[in-house]
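Subject: Structure for your review

Dear colleague,

Please find below the structure that I am handing over to you. My findings follow it.

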Amino acid sequence: MVAVVCRNLTKIYSNGVVANDSINLTVRKGIIFTILGPNGAGKTTLLRQIYTELLPTSGEIEVFSINVVENPMEVRKLIGVVPQAGLPIPELRVEEHIRYFSQLRGVEDVNSAVSYALETMDLEDYRDRLVMELSGGLKQRVLVATAIATKPKLLILDEPTVGMDPITRRRFWRKMEELRGEGRTILLTTHYVDEAETVSDEVAILNKGKIVHKGRPADFKSLLKLKAYVIVKGRNIDPSIFVNYGKIVYFDDYTLKLGLEEIDFDLLKEIRDSILKRGFVFTFKEASLEDAYVQLVGGDLIG
Ligand code: ADP
């Protein structure tokens, strides 16, 4: 089953900015789907239309087969939303915060909703703390807990990991994986390409209002002309030694980065031997989603 479908979705703001330009997107149920893109790409605009806050200029959106423009109230029953830079209400205690919004949203068994949310987001120890006393990462967790208290089939998060330290961020992603394990669909945006690569089932890259690529993170690498890199470290590296092995993509006094069009182990051994023989340090790195992202968004896509 499909969680979200966008068909030729276009959003033009009243100032004439085309924030989403004929977007076609399908998010399968039960996956973590990440939208990546630089600032101003149109990510927030896209999410706001999906979560019924903003009307499309043209095109269609369905959430679990329900048209969001025709039946926004039905859609809202199925989703939980953590908006960009959202802030929980500072004067409430954590438990009160979750309870208040669960009641507003018409949850029948509020007590069990609160318990589920506190437990899922590891907030039981903070239930009586005032939101204003919490760190930024904890406030974000309160927002996510509040959004999931209604047990939404689709959780939409706009840049949820901004401002989280690396440990909090890892814990956050584990929670998202747990929610996926419960059969929920998670649709989010992030700037952190490395995170998107490890955790997402599917990724769409948005640039200037258009989807420039979508697929599984691993699929992106097939787009890249340069599949891997050799990094050479040392003093007085002579780049002419390496020009025949691949493309020199970076060079300074101590570092040379050589891009390779394929991973050929015989060739790699030869390169490594010639590096080590000269007393330099050799490192090998396969191209990552970040490399694909930079090439796609930088307008530098080869292939
Ligand atoms: P992202 O989330 O990828 O940073 P946004 O969806 O926020 O991108 O913005 C996409 C484009 O739409 C940008 O050029 C932005 O300036 C413009 N934009 C966003 N919100 C509005 C608005 N309410 N009115 C006019 N233009 C807007």
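I begin with leucine 46, which touches Cys6, Leu9, Asn20, Ile23, Leu25, Ile35 and Leu206, residues up to four places away in sequence not being counted; contact here means heavy atoms within 4.5 Å. Please note that this is a predicted model, in which local features need pLDDT of at least 70 and side-chain atom pairs count only at pLDDT 80 or more, while totals for chains, interfaces and linings use all residues. Residues are numbered from 1 along each chain as its sequence is written, and side-chain values use heavy atoms, with hydrogens and water left out.

Leucine 46 belongs to helix 1 (residues 43-50); helices (H or I, at least four residues) and strands (E, at least two) are DSSP runs, numbered from the N terminus. The residue is buried, with a relative accessible area of 0%. The terms are as follows: buried means under 20% relative accessible area, exposed over 50%, and partly exposed in between, with a 1.4 Å probe and protein chains only. The C-alpha atoms of leucine 46 and isoleucine 156 are separated by 11 Å, although the two residues are 110 apart along the chain.

**Overall description**

The protein has 10 helices and 14 strands, and 48% of its 303 residues count as buried. Its C-alpha trace spans about 70 × 45 × 35 Å along the principal axes. Of the contacts between residues at least 6 apart in sequence, 65% join residues at least 24 apart. The domain assignment gives domain 1 (2-219) and domain 2 (225-286), the bounds coming from an automatic or database assignment. The C-alpha centres of domain 1 and domain 2 lie 42 Å apart.

**Strand 9**

Six of the six residues of strand 9 (residues 202-207) are buried, so this strand is largely enclosed by the rest of the structure. Glu202, Ala204 and Leu206 point one way from strand 9, whereas Val203, Ile205 and Asn207 point the other way. In a regular strand the side chains alternate between the two faces of the sheet.

Two strands pair if DSSP finds at least two bridges between them. Strand 3 (residues 32-36) runs parallel to strand 9 and is joined to it by four bridges; threonine 34 has valine 203 as its bridge partner. Strand 10 (residues 210-215) pairs with strand 9 in the antiparallel sense over five bridges, and here alanine 204 is partnered by lysine 214. In the hairpin of strand 9 and strand 10, with two residues between the strands, lysine 208 takes a positive phi near 50°.

Which strands are joined to strand 13 by bridges? Strand 11 (residues 228-233) is joined to strand 13 by six bridges, and the two run antiparallel; strand 12 (residues 247-251) is also antiparallel to strand 13, with four bridges. Strand 12 and strand 13 form a hairpin with three residues between them. Five of the six residues of strand 13 are buried, so it is largely enclosed by the rest of the structure.

Isoleucine 263 lies in the loop between strand 13 (255-260) and helix 9 (265-277), and is partly exposed, with a relative accessible area of 32%. Together with Phe265 and Phe284, Ile263 forms a nonpolar patch on the surface, with about 290 Å² of accessible area in all. Accessible areas come from the Shrake-Rupley method with a 1.4 Å probe; for residues, only the protein chains shown count as cover. Patches are made of residues with over 30% relative accessible area and no salt bridge, like charges being joined within 9 Å and nonpolar side chains (Val, Leu, Ile, Met, Phe, Trp, Tyr) within 5 Å. A salt bridge is a side-chain nitrogen of Lys or Arg within 4 Å of a carboxyl oxygen of Asp or Glu.

Yours sincerely
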